[in-house]
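Follow the explanation below with the sequence and the model side by side.

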Amino acid sequence: GRLSEGFLQLAPHFLRPGLLMNVARMVLDEAAEVRHVEVPIVELVRRHGKHAVFLFAESDGWVPPCFPAHVNEYFPDATVVEDRSGLVHVFCLEQSSSVAELVQRWL
């Protein structure tokens, strides 16, 4: 696809060695953390899947659109919810009341 004019204007500002080093450091930290927690969480969800709920925002630049379906396949006993009310990726930080209302209905 074609890159937007806004992207082309901003891209040079992000191509700084210090910023790229910070991004690389964050990626390594995240990868180490995910590897560290992944197995116990997977085992926990597999054992208690019928009690697990995965909530996904409809429009999320961090999570691919196919991910909820993959989670549903991987944990068939869990509930996968794709919210259509306008939640964003950081919904726990910016929309905690909306999420609390959803959770209250599920309980």
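Leu55 has Val81 in strand 2 as its bridge partner. The model is predicted, so local features need pLDDT of at least 70 and side-chain atom pairs count only at pLDDT 80 or more, while totals for chains, interfaces and linings use all residues. Residues are numbered from 1 along each chain as its sequence is written, and side-chain values use heavy atoms, without hydrogens and water.

Strand 1 (residues 53–57) contains Val53, whose bridge partner in strand 2 is Thr79. Strand 1 and strand 2 (residues 79–83) pair in the parallel sense over five bridges; pairing requires at least two bridges found by DSSP. Helices (H or I, at least four residues) and strands (E, at least two) are DSSP runs, numbered from the N terminus. Together with helix 3 (residues 67–74), strands 1 and 2 make a right-handed β-α-β unit. Right-handed means that, with the strands pointing away from the viewer, the path from the first strand over the helix to the second runs clockwise.

Val53 is partly exposed, at a relative accessible area of 38%; buried means under 20%, exposed over 50%, and partly exposed in between (1.4 Å probe, protein chains only).

In helix 2 (residues 17–47) lies Asn22, which is partly exposed at 42% relative accessible area.
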